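Hello,

Here is the structure I promised to pass on to you. Have a look through it first, and then read on for what turned up.

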Amino acid sequence: MNKAIRFRWAPRPSRSDARVVLVQEGQPLAPPSLPPADRQALDAWIAASKFKGKVGAAAWPQGPASPVLAVGIGKKKDFHAARWLRAWAAAGRALEKAAVVRRASFEWPAAAAFPLEAPELAGLAAAGLLAGEYAFEAFRTRKKEHSFAFEFAGAAPASKAARAAVRRAEAEGEILREVRDVANLPANALGPMDLAARARKLARAAGLSCKVWDAAALEKEKCGALLAVAKGSRRPGCLIRLAHAGKRGLKPLVVVGKAVTFDSGGISLKPGKNMEWMKYDKSGGMVALAAVMLAARRKLPRPVIAYVPAVENMPGGGATRPGDIVTARNGKTIEILNTDAEGRLILADALSFAAEEKPAAIVDVATLTGAAVVALGHEATAVMGNDDRLVLDLMLSGEATGERLWPLPLWPEYDEMLKGQFADLKNMGDGSAGTIAGGAFLKHFVPDGIPWAHLDVAGTAYLESPQPHGAAGATLACARLLADWAARPRADA
């Protein structure tokens, strides 16, 4: 695979086609070595355009052939890793779109004070550049072949720690690029068993073990909840397990990711408008796949396992109906009130497999509810769970990686809305607290004593239109977060 960006370091900026200059509150954080003519042109453009440096804004003051790319990082008091990441993603997208740029550079401003150290800043900058540069080109007859070198100049980003952070971001960026290419595939190119084949190939290259339960094996395992969703499609469902072995004797961390390769809603058919975006209902599974690949790339001592239940939710002749009652793998019965609340059903059976790993913790990731978008928009992922320490650890990793989480309660009172009239549970609440209802349902499939958290990425998993900081399509939000979380020291065995 050709690398889209090749990173370099230098004590002083060398000759380049474009230099990135950060702008904060209308003031360029321009390094002393910026030629006076370029600095004067930049100052005049900022004054004329009233460019204040909004987070993620990127512009060429003198057009695409300009020697300077101005990138906004927002107000000083509002600095956050997420905003820094977005600013650099905007830079990456702007540089990718400027085909004339073959070499770009950034000189660390000597006087700039940021609340993070240079290694963290450099690593996030590299991650942002790679994320912003990415675009899904697989189905275009004329593909873009633009690649460029990016140079970090100055003493701070050239330190050993900063170089290591950039190299890691570069290696992990290639993994995320591979998985995003799968995540962006349309449903006609990727059914559940197709996903299993691709996961197996990626696992082999990453040094992971891979096991797949097909429909017959899932029947033997009594996965009635998962199979209830798969029945409406001619393409059978499956369950994928990928594992990074880590060090013997340590309890594994398990990530469970929902992978509905297309979600029509089943018999409870979705409205036709915007249904094309339901190819991204597999995003949680893609995040789980990416997270375990990142763990292997980092050679973490902690074993990390991913379970990916993969189905297509269709309204075929064998589809489950509203009112049907199914039995999950753990023996609980579920009354299905709405077949469009399918993600929790496939996760239920996958969680029972995850619990049998005797894990230190389980985290599931899913585009589970539209209510998460209503509550948090597209700026944060909802998190809830049965263990406050686990939720806090995940939030800390979110702060470090710029993939922010926001907690929602999961009190016992919310269980009342899920009591079934004719079965143990129903797959929908009473219409209120939709995101919490989804998490409350999943809690019933995690045995007591196992720390567990649920991430609802419905608002962060993909972009429905091109943005200054990224192309439309999968983001893999929370993959880097989970890799950071898995790498953190733990007291448990």
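This is a predicted model: local features need pLDDT of at least 70, side-chain atom pairs count only at pLDDT 80 or more; totals for chains, interfaces and linings use all residues.

A search of the whole structure turns up 3 cavities of 30 Å³ or more. The largest cavity holds about 70 Å³ of space. Its lining is made up of Ala228, Val229, Gly232, Gly266, Asn313, Met314, Ala319, Thr320, Ile336, Thr339, Glu342 and Leu345. By class, that lining of the largest cavity splits into 6 nonpolar, 5 polar and 1 charged.

The second largest cavity has a volume of about 50 Å³. Around this second largest cavity sit Arg8, Ser14, Arg15, Ser16, Arg103, Ala104, Ser105, Ala149, Phe150 and Glu151. Strand 6 (103-107) and strand 7 (148-153) are the elements that give two or more residues to that lining. Here the classes come out as 3 nonpolar, 3 polar and 4 charged.

There are open pockets to look at too. The second largest pocket contains about 510 Å³ of space. Its lining has 20 residues, and Ala135, Glu137, Lys144, Glu145 and Arg177 lie nearest its centre. The lining of this second largest pocket divides into 7 nonpolar, 3 polar and 10 charged residues.

Next, the charged pairs. As a general point, side chains of opposite charge can pair when their charged atoms come close. The count for this model comes to 23 salt bridges. In one of them the side chains of Arg298 and Glu172 meet, at 2.6 Å from N to O. Arg298 lies in the loop between helix 8 and strand 12 (304-313) and Glu172 in helix 4 (residues 160-183), so this pair ties together parts that are 126 residues apart in sequence. With a relative accessible area of 6%, Glu172 is buried.

Another salt bridge joins Asp281 and Lys258, whose closest N and O atoms are 2.9 Å apart. This pair also links distant parts of the chain: Asp281 is in the loop between strand 11 and helix 8, while Lys258 is in the loop between strand 10 (253-257) and strand 11, 23 residues apart. Both Asp281 and Lys258 are buried. The side chains of Lys419 and Glu416 meet in a salt bridge as well, at 3.3 Å from N to O.

One more lysine may interest you. Lys270 sits in the loop between strand 11 (259-263) and helix 8 (283-297). Why does Lys270 count as buried? Its relative accessible area is 19%, and buried means under 20%. Leaving aside neighbours within four places in sequence, Lys270 is in contact with Asp263, Ser264, Gly265, Met275, Met278 and Asp340.

On to the nonpolar interior. In soluble globular proteins, nonpolar side chains tend to be buried together. The largest nonpolar core here has 66 residues, of which Leu242, Leu394, Leu455, Leu476 and Leu482 touch the most other members. Helix 8 gives the most to this core, with 11 residues. Not counting residues up to four places away in sequence, Leu476 touches Leu176, Val179, Arg180, Ala183, Met286, Val287, Ala290, Glu403 and Ala461. A second, separate core has 48 residues, including Ala225, Leu345, Leu368 and Ile450.

Which residues of helix 13 are buried? They are Ala479, Arg480, Leu481, Leu482, Ala483, Asp484, Trp485 and Ala486. Since 8 of the 9 residues of helix 13 (residues 479-487) are buried, this helix is largely enclosed by the rest of the structure.

Last, a tryptophan. Trp88 belongs to helix 2 (residues 81-97), and at 0% relative accessibility it counts as buried. Setting aside residues up to four places away in sequence, Trp88 touches Val20, Leu22, Phe106, Ala125, Gly128, Leu129 and Phe150. From Trp88 to Glu335 there are 247 residues in sequence and 47 Å in space, C-alpha to C-alpha.

Notes:
Residues are numbered from 1 along each chain as its sequence is written. Side-chain values use heavy atoms; hydrogens and water are left out. Buried means under 20% relative accessible area, exposed over 50%, partly exposed in between (1.4 Å probe, protein chains only). Helices (H or I, at least four residues) and strands (E, at least two) are DSSP runs, numbered from the N terminus. Contact means heavy atoms within 4.5 Å. On a 1 Å grid over the protein atoms alone, a cavity is a set of points where a 1.4 Å probe fits but cannot get out, and a pocket is an open set with protein on both sides within 12 Å along at least five of seven lines; lining residues have an atom within 4 Å of a point. Grid points are joined across faces, edges and corners, and a volume is the space filled by probe spheres set on the points. Ala, Val, Leu, Ile, Met, Phe, Trp, Tyr, Cys and Pro count as nonpolar, Asp, Glu, Lys and Arg as charged, and the others, Gly among them, as polar. A salt bridge is a side-chain nitrogen of Lys or Arg within 4 Å of a carboxyl oxygen of Asp or Glu. A nonpolar core is a set of buried Ala, Val, Leu, Ile, Met, Phe, Trp, Tyr and Cys residues joined through side-chain atoms within 4.5 Å.
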